[in-house]
Amino acid sequence: MTRRSVSAYSFLAFPLTILLVFTLAPTVLGLGLSLFNWSGSGTPRFVGLENFRGLASDPRFGPALRNTLIFVVGTVPLTVATGFLLAVAVHARWFVGKTVVRTALFLPTVVSIIAIGFVWRWMLDSQGGLVPELLKAMHVAHPPDFLQGGPVLAFGEGESRRVFLAWLEWPMVSIIVVQVWRGVGFAMVLYLAALSGVNESLYEAAEVDGASRARVLRHITWPSVAPMTAFLLVTGVIGALQVFDIVWAMTSGTETRATNVLNMYVYREFQQSRLGYAAALGVVIFALTVVATAVQFAVMRRRAA
Amino acid sequence: MTSRRAPNPIARTVAHAAAYGVALTMLLPFLWMVVTSLKTDQETVGASLALLPRGAPWEWRWQNYIAAVKEVSLGEFYLNSVIAAGVTTLLAGAHNALAGFAFAKLRFAGKRSLFAGVLATMMLPVQVSFIFAYIIAGRLGFVDNMQALVVPFLASGFGIYYMRQAISSVPDSLLEAGRLDGMTDFELFWTIVRPTVWPAIAALSIFTFVASWNAFFWPLIVIDSRQMKTMPLAVAELASGLLVQSWPVRMAAATILTLPLVVVFVLFQRAFVRGVALTGIKE
């Protein structure tokens, strides 16, 4: 590392140009666009914060925001916790068939979400789908319509019908289940890597002290993989706030009140050439991402201190 | 090890049962997809719990696959996906590796700030950038053609970062020896770095291929004409049920879409899992 390298610039010129042209510049321009009205042709008209005021009074914004948050809360903690427990089990020396389980669990991660969503829709279809048919075979008289059904917690019929948490509807629950199903393998593989880095002597010390299995898990294993948990939570929340593909796959891109998430909404506005409005929505997602990440880091720092 | 003592047999059985149970649910949808693809339409109406299609294997509806390829013209979409993912993987691999090499081992003015810029691109949300990425791509003529699917992905912040991390671990002494022999920077990269970090290049190539093959949002934006569609777009169209109503034919198409990745994954399973594990640790 003595000489200054000129060839470094020739190695970097093309890749950095690509990043500049297709990511960096479009982001800066996109942030600015949220303050304009523009259909893609003609001159953009500056409107200040009008797009954001429009969002606040838009009847579709509230449900989209709520659905996105339901998705984040419904998927991320469950995925991380399940991934951790599976990794602990599979990592144990006495576990038989580690590679088989790891391969099976990781499989959905590499397969197109669109194809996965499509297959799950077939499995959940109220007309001959595997899951409703299985439920009928197990004498559940009226299995819910997993793809188009109403509130999950609805009991009774007619006058005596009572609904709890009316915002929790079957289509979103199905999407969440499929997402967790898909994401568990990834979390498990990362936890397996973290577990193999845990210092053996910690376990030995605990053993000498006669600590119970649960205490070892709680006080040694879990804290040892905290950096991985942090990584999974932060990247998981960012990914979940930006969710698009799985919702599209499970709904065929149709917009319903129960499943519309922010990013689907961005896409719709873009399709209708309301570019400034779409950009404003994008900025909201970006802001949510930044806030969620900052909060998580703050919590972790306090925990560490 | 999580624990050096083996727990009692009941706990061990429960742990195995849980893990294998979850593993089974991972395989079930894929199995059901293949089983459905070999049934007749009638078999999928009403109670369709039969775990195998009716009759002997040679009586199953293999022609569903022909129907999927013909009626949906999957062949064309397949070719598009193969070319897009193949070219992207090859070219992006080279560019990311060279850029990673520059950031890891070369000295030049502006290195810190340029690398900070690269890291920043990893965190920028596509929801904000895609509008102008689309407009710029349009100005450059990269819309509704192969360039639209390839050019924006010829470098990635993640790829450069990943390669930089991998190449950082190559001992400087190796490179110094090469420099004393009068090698140029590119020769150093090609003869010393490339063979040394080959596993990382392989892992990144697999990621790139999978990401390109499965990409949905960007192709949905930039591709309009039917003949330029990639496989995920074709399957999304198929899923809408406007094209073909038959579940078996649609499942045959889904099988054709997912099969190459399942094969790639099973073949390169170890490199894949190792590569994924590295990303988490290095973060």
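A salt bridge here is a side-chain nitrogen of Lys or Arg within 4 Å of a carboxyl oxygen of Asp or Glu. The model is predicted.

**Exercise 1. The interface**

Describe how chain B meets chain A: which residues take part, how much area is buried, and which polar links cross over.

*Solution*

Step 1. Start with the contacts. On chain B, 101 residues are in contact with 96 residues of chain A.

Step 2. Take the area. The two chains bury about 9500 Å² between them. Carbon and sulfur atoms account for 75% of that area.

Step 3. Apply the salt-bridge rule. Between chain B and chain A the count is zero.

Step 4. Look for polar contacts. Eight residue pairs across the interface qualify, both residues at pLDDT 80 or more.

Step 5. Find the main contributor on chain B. Helix α1 (residues 9-37) of chain B gives the largest share of the side that touches chain A, 16 residues.

Step 6. Sort that side of chain B by class. It has 69 nonpolar, 20 polar and twelve charged residues.

**Exercise 2. The second largest pocket**

State the volume of the second largest pocket, then work out what lines it.

*Solution*

Step 1. Give the volume. It is about 550 Å³.

Step 2. Go to the centre. The lining has 19 residues, and those closest to the centre are A:Trp222, A:Thr229, A:Leu233, A:Met300 and A:Arg303.

Step 3. Assign elements. In chain A, α3 (61-91), α9 (213-224), α10 (226-241) and α13 (275-304) each give two or more residues to the lining.

Step 4. Sort by class. The lining of this pocket has 15 nonpolar, two polar and two charged residues.

Definitions and conventions
Residues are numbered from 1 along each chain as its sequence is written. Chains are lettered from A and ligands numbered from 1 in the order in which they are written. This is a predicted model: local features need pLDDT of at least 70, side-chain atom pairs count only at pLDDT 80 or more; totals for chains, interfaces and linings use all residues. Side-chain values use heavy atoms; hydrogens and water are left out. Contact means heavy atoms within 4.5 Å. Buried area is the accessible area (1.4 Å probe) that two parts lose on being put together, summed over both. A polar contact is a pair of N or O atoms within 3.5 Å; within protein, one must be able to donate a hydrogen and the other to accept it, and residues adjacent in sequence count only if both atoms are side-chain atoms. Helices (H or I, at least four residues) and strands (E, at least two) are DSSP runs, numbered from the N terminus. Ala, Val, Leu, Ile, Met, Phe, Trp, Tyr, Cys and Pro count as nonpolar, Asp, Glu, Lys and Arg as charged, and the others, Gly among them, as polar. On a 1 Å grid over the protein atoms alone, a cavity is a set of points where a 1.4 Å probe fits but cannot get out, and a pocket is an open set with protein on both sides within 12 Å along at least five of seven lines; lining residues have an atom within 4 Å of a point. Grid points are joined across faces, edges and corners, and a volume is the space filled by probe spheres set on the points.
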